[in-house]
Amino acid sequence: MADRGDFNEILHSTEKVGGSPMDASSAVQFQDAVDSAGLLEMNHSGDHLTWCNGQEGVRRIYKRLDRCLCNTAYLHAFDSRVTYLTRVHSDHSPMLVCESESARSGPSPFFQVPVYVDHTP
């Protein structure tokens with residue numbers, strides 16, 4: 001299983017620059033949800049601060065809101081890499097997800113639902 005997108009929450013203080021201090025209780029709840037679902041972060045590169053509030057000067061805030069999470073079965077089945085690209089027309093950085101099947105035998109236990117891939121606001 002893999003889940004990608006805007007989770008609207010940070011996990012660590014290093015995932016926020018600017019603004020008021022992070023809400024530790026929200027981060028703990030998010031981490032508990034990730035842990036209870038057995039999810040892990042996919043390998044990634046690029047700017048890890050994936051969102052910006054668009055303000056100028058001291059009011060500007062950056063956060064890591066967008067993630068690609070998966071379970072261990074997914075990690076073993078696919079060789080995946082996520083690259084966070086430069087923000088251009090949005091307050092979020094686009095994610096480029098490259099996947100290739102790992103060397104394995106048998107049918108794939110995963111399928112992709114198109115509604116989750118083609119999101120047009």
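Student: Which residue stands opposite Tyr-84 in β9?

Tutor: Met-95 does. Keep in mind that this is a predicted model. Tyr-84 belongs to strand β8, residues 78-84.

Student: How do you know that β8 and β9 count as paired?

Tutor: Two strands pair if there are at least two bridges between them. Seven bridges join β8 to β9, so the pair meets that cut-off. The two strands run antiparallel.

Student: What makes β4 and β9 edge strands?

Tutor: Look at the order first: the sheet runs β4-β8-β9, an open sheet of three strands with mixed pairing. β4 (44-46) and β9 (95-101) each have a single partner strand, so one side of each is left without a neighbour in the sheet. From one strand to the next, the twist averages 20°.

Student: Which residues of α1 are called buried, and why?

Tutor: They are Ser-26, Ala-27, Phe-30 and Val-34. Buried means under 20% relative accessible area, so each of these four falls below that cut-off.

Student: Why do we say that the buried residues of α1 line one face?

Tutor: Seen down the axis of α1, they fall within an arc of 100°, so they line one face of the helix. Part of their cover comes from β7 (66-70).

Student: What makes Gln-29 and Ser-36 exposed?

Tutor: Exposed means over 50% relative accessible area, so both residues lie above that value. They sit on the face of α1 turned away from its buried side. Just after the helix, Gly-38 takes a positive phi of about 70°.

Student: What share of the residues is buried?

Tutor: Of the 121 residues, 26% are buried. The protein exposes about 8000 Å², with carbon and sulfur atoms supplying 55% of that area.

Terms used:
Residues numbered from 1 in each chain as written. Predicted model: local features only at pLDDT ≥ 70, side-chain atom pairs only at ≥ 80, totals over all residues. Heavy atoms only, no water. Buried < 20%, exposed > 50% of the residue type's maximum accessible area, 1.4 Å probe, protein only. Areas by Shrake-Rupley, 256 points an atom, 1.4 Å probe, with all protein chains shown as cover. Axes fitted to C-alpha atoms, helices over the stretch in contact; angles between N-to-C directions. Arc of directions from axis to C-beta. Contact = heavy atoms within 4.5 Å.
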